[in-house]
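Visitor: Could you bring the model up, so that we can go through it together?

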Amino acid sequence: MSKYKKIIEDLIEDIDSSVKKGFKKEEFIRKFREKIDNLVAERIS
Amino acid sequence: MKAILKLENIGQKIGKETLNFNSGVVTLISGRNASGKSRIIKSCALALSLPITSDGLLEEAINFGILKGDNAEYLPLVNSNKEKAFIELQYGDVIKEVELNRNGNNKINPPGEEKFLYSSLIVRNSKISNFISRGDSNFKWIVNVMSLAKDYVTIHDVVKSYLELLDLKKKEIEDKEKKNKEIKKKLDNLNNLKKKIDYELKKIEEEIDKIESELDPELRGKRSKIKDNIEERVVDIKEYNKEIKESENKNSELENKLGNSAKRLEKIRKKLVELKKRKVELEKIKKEQLTEERYELEKSQPKEKIGALKAEEKKLKEILEELGDKNEMECYTCHEGTLYRVKMEEKLKKIQENRKTFDEAIKKKEERIKEITRLINERNELSEKLNEIREKNSEAADLKEKLDDYEDQKKNNKSKIEFLFKNVTQDNETLEKLNQELSDIEKEIKKEEQFKPLLNKKSEIKSELISIDKEILNLEEEKQKGKIVEILEYQLDIQKSTDLINELEEILNDVNIHLNSRIQEQREGAAKKFNENINRLIKELNFSEFKEISLDLEDYNLKVIRSDDTMQELSSLSEGERDVIAALLQICAKETYLPHIPFLIGDDIISDIDPNRQKLLLNYLKEVAKRNEWFIILTKITDEDLTISEI
């Protein structure tokens, strides 16, 4: 895995947990978008 | 176990009706066409499967007639003279309540499992049947729907859409860089041209000076001073303009930073509003009170009383069984008294009523305990939310500080620009006056026939220089714009954008690798489980003409291998064989993927199978029903009135 190991692991954990709890597409897209947004904000600040 | 199906205004029948089914047996609903068989099983299927959200399953539901398609005006199961219909299905301690409206807005409580339609409903035009009858062996869809692969595929598509967006941005950056290179080339050309023209201008001015050196020295001296003054003013104006340009560029950068920070702050404020709302909701939950209430409820379950009632009920039932057809008998424990049927039945009825009351009370208590536990778990979320609020507040405060700082810088820049503009204006005014003075003096000392052509040439060259300067200015502005790219609503310079895109691509590609492996894992797991069950079923049902029926673990195509080891194409199977295989696959799907919902429903699946195979299938279904305590309900077309019987 790349130097972004922690970020990737967090995303994968979120995905697996979301599927196990009973996947809801709209909620997942909203949370995923928020995560990517936070990632981008951290990078540009 | 018993199942009670209560219907109201379903299909052709107006009003209420109640049907009872027993688990552990095969129930056959038989009757002529349009006698009402299908509406019974459709009602069961609807109660057990809605709501349906997957596209493939929606189609299945519409085909089966339990949901309204786009071209239909009304929901098919609701009686055409009524606006609403109701279904209640009760089995064990599960009660499913459905309200159907003609316009298609249905309410179901609690929700069912949509996979029921693929795995527990055997009908002629089901997806499995349709695939088999048209010879399509690609069954990847079944392992997707019956496992978590479907969800991972959806997530994979979401990640893919982000990667496609990043790809578009890369293309945009490529185009901008290409354009910027072209602009640079143009600027270089213009600057070179400008140098040449400046040199030409200098030559002409030298020629003019040479001619003037022979003219009136006093006037020449005056003119020389004016010209020096003009040059100083021009240099000053150039410097001021350069500084103005730099300050404007700085302001442009600050605008972008302000824009980005303001957007980020807006998002944080929205999130804070949500978090604070949730905090208020959670604070309303009084944890200590609820914990105490739960403790009291748990303490107070009257287990002993129920135990006693159950024992007495059992005893009375035994006595009644012993009595058989008789109305009285000698008490077989004490051999002295008489046991009367009527009295025993009365007593049994009372005990059963008491038990029902107790059961209801216990059920209510258990529901309350469940509710309290849920609330307490939610309340425990509070400290997490408070931390999140603290973090977001701190982030918001930092951003606000940054924003204020940017605003100050912007203000200072603006003042500087205003001051410089003032200077430029003043110098321009002075320059105008000096040029006028110069022009007057030159009129005095110049002899038109000597100077006119040179002055005209000089004027032309100066005009050309002005237009070149204008073009350079426009290209510089375009170059400035071409340095900024918008990524997910943020304005970033090209280098930062490229770095960000590369990082995000790396992260998302790695995530997709993981997703692909999960999808593969889920599909393979589902297919293996399915294959084990289908081949066990073939043996148990004595399908000796088939050696193996299974899903390929790479492409999930259905393979049929005959007992002589030859591979059989689905399209070359006889109709009877296809019907049997379709029924087998459906039963197998049920046993593999949804064994915990104790219903298997078949609509007219046994009529066209040959009698021997029919007998084997029915015996198998009876065994499966008994073994798993399932309700297996089949329909059959006959030329009689509707009857419901156990076989």
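Visitor: Which residues in H13(B) meet which ones in H14(B)?

Guide: From H13(B) the residues are B:Ala526, B:Ala527, B:Lys529, B:Phe530, B:Asn533, B:Ile534, B:Arg536 and B:Leu537, and they meet B:Leu584, B:Leu585, B:Ile587, B:Cys588, B:Ala589, B:Glu591, B:Thr592 and B:Tyr593 in H14(B), where contact means heavy atoms within 4.5 Å. By class this contact has eleven nonpolar, two polar and three charged residues; Ala, Val, Leu, Ile, Met, Phe, Trp, Tyr, Cys and Pro count as nonpolar, Asp, Glu, Lys and Arg as charged, and the others, Gly among them, as polar.

Visitor: And what should I know about the numbering and the model itself?

Guide: This is a predicted model, in which local features need pLDDT of at least 70 and side-chain atom pairs count only at pLDDT 80 or more, while totals for chains, interfaces and linings use all residues. Residues are numbered from 1 along each chain as its sequence is written, chains are lettered from A and ligands numbered from 1 in the order in which they are written, and side-chain values use heavy atoms, with hydrogens and water left out. Helices (H or I, at least four residues) and strands (E, at least two) are DSSP runs numbered from the N terminus.

Visitor: At what angle do the axes of H13(B) and H14(B) cross?

Guide: The axes of H13(B), residues 494–540, and H14(B) cross at roughly 125 degrees and come within 9 Å; axes are lines fitted to C-alpha atoms, for helices over the stretch in contact, with angles running from 0 to 180 degrees between N-to-C directions. The two helices H13(B) and H14(B) are therefore oblique to each other, since angles under 35 degrees count as roughly parallel, over 145 as roughly antiparallel, 65 to 115 as roughly perpendicular and the rest as oblique. H13(B) passes H14(B) in a right-handed crossing, meaning that the near helix is turned clockwise from the far one by less than a right angle, with anticlockwise giving left-handed.

Visitor: How do the axes of H6(B) and H13(B) cross?

Guide: The axes of H6(B) and H13(B) come within 9 Å and cross at roughly 155 degrees, which makes H6(B) roughly antiparallel to H13(B). Their crossing is left-handed, and the residues of the contact between H6(B) and H13(B) divide into 16 nonpolar, eight polar and nine charged.

Visitor: What about chain A, how do the axes of H1(A) and H6(B) cross?

Guide: Helix H1 of chain A, residues 5–22, and H6(B) have axes that come within 10 Å and cross at roughly 140 degrees, which makes H1(A) oblique to H6(B). The crossing of H1(A) and H6(B) is right-handed, and the contact is made by A:Ile15, A:Asp16 and A:Val19 of H1(A) with B:Asp151, B:Tyr152 and B:Ile155 of H6(B). By class, that contact has four nonpolar, no polar and two charged residues.

Visitor: Changing topic, how many cavities of 30 Å³ or more does a search of the whole structure find?

Guide: The search finds two. On a 1 Å grid over the protein atoms alone, a cavity is a set of points where a 1.4 Å probe fits but cannot get out, a pocket is an open set with protein on both sides within 12 Å along at least five of seven lines, and lining residues have an atom within 4 Å of a point. Grid points are joined across faces, edges and corners, and a volume is the space filled by probe spheres set on the points.

Visitor: Which residues line the largest cavity?

Guide: The lining is B:Glu60, B:Asn63, B:Phe64, B:Leu117, B:Leu121, B:Val123, B:Asn125 and B:Ser126, around about 40 Å³ of space. Helix H2 of chain B, residues 55–64, gives the most to this lining, with three residues.

Visitor: And the second largest cavity, what lines that?

Guide: The second largest cavity, with a volume of about 30 Å³, is lined by B:Phe543, B:Val580, B:Ala583, B:Leu584, B:Arg613 and B:Leu617.

Visitor: How much space lies in the second largest pocket?

Guide: About 2,400 Å³ lies there, and of the 50 residues that line this pocket the closest to its centre are B:Lys194, B:Val234, B:Lys238, B:Leu465 and B:Asp469. H7(B) supplies the largest share of the lining, 18 residues, and by class the lining has 15 nonpolar, nine polar and 26 charged residues.

Visitor: Which peptide bond is cis, with omega near 0 degrees?

Guide: The bond from B:Leu50 to B:Pro51 is, and B:Pro51 sits in the loop between H1 (37–49) and H2 of chain B. A cis peptide bond also joins B:Asn109 and B:Pro110, with omega about -10 degrees.
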